[in-house]
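I opened my notebook for a new protein.

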Amino acid sequence: LPPIPGDCIEFVGNAAAAGANTALLCRDCRQEAETISRTARYVELANRADFQQTFTEALMFPAED
């Protein structure tokens with residue numbers, strides 16, 4: 001998890017419902033989602049030896065200067 005400034009984070013509310021609504025009402029959006037689902041690659045991170053350590057280190061809050 002890279003360090004990201006707080007002003008780059010935006011609360012989007014119920015994004016799942018908004019996405020489902022968009023998929024139902026927008027044919028082009030639905031086709032794009034279908035294309036993404038066919039080309040996306042699943043990566044099982046739990047099988048990577050370095051994942052757990054890297055992930056937990058990224059969860060630490062940065063030290064204040």
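I began with a term: a salt bridge is a side-chain nitrogen of Lys or Arg within 4 Å of a carboxyl oxygen of Asp or Glu. I searched the whole structure and found one salt bridge. Arg 48 forms it with Asp 50. Their closest N and O atoms are 3.0 Å apart.

Ground rules came next. I noted that this is a predicted model, where local features need pLDDT of at least 70, side-chain atom pairs count only at pLDDT 80 or more, and totals for chains, interfaces and linings use all residues. Residues are numbered from 1 along each chain as its sequence is written, and side-chain values use heavy atoms, with hydrogens and water left out.

**Confidence.** I looked up pLDDT, the predictor's confidence in each residue, from 0 to 100. The protein chain has a mean of 86, and 89% of its residues reach 70 or more. Confidence is highest in helix α2 (residues 27-39), at 94, and lowest in α3, at a mean of 86.

**Fold.** Helices (H or I, at least four residues) and strands (E, at least two) are DSSP runs, numbered from the N terminus. I counted three helices and zero strands in the protein chain. Along the sequence the pattern reads α-α-α.

**Surface.** How much of the chain counts as buried? I needed the cut-offs: buried is under 20% relative accessible area, exposed is over 50%, and partly exposed lies in between (1.4 Å probe, protein chains only). Of the 65 residues, 0% count as buried. I also looked up the accessible surface, about 6,400 Å², of which 59% belongs to carbon and sulfur atoms. Such areas come from the Shrake-Rupley method with a 1.4 Å probe; for residues, only the protein chains shown count as cover.

Arg 48 is partly exposed at 46%. Asp 50 is partly exposed at 38%.

**Aromatic rings.** Rings of Phe, Tyr and Trp (its six-membered ring) pair if their centres lie within 6.5 Å; planes under 30 degrees apart count as stacked, over 60 as edge-to-face and the rest as tilted. I found one aromatic pair. Phe 51 and Phe 55 are stacked, 5.4 Å centre to centre, with 25° between the planes. Both lie in helix α3 (residues 51-58), four residues apart, about one turn of the helix. Phe 51 is partly exposed at 24%, and Phe 55 is partly exposed at 33%.

**Another residue of α3.** Ala 58 is also found in helix α3. Ala 58 is partly exposed at 26%. I checked its distance to Pro 3: 8.6 Å in space, C-alpha to C-alpha, although they are 55 residues apart in sequence.

**Cysteines.** A disulfide is a pair of cysteine sulfur atoms within 2.5 Å. I found zero disulfides. Is Cys 8 buried or exposed? Cys 8 is exposed at 56%. Cys 26 is partly exposed at 25%.
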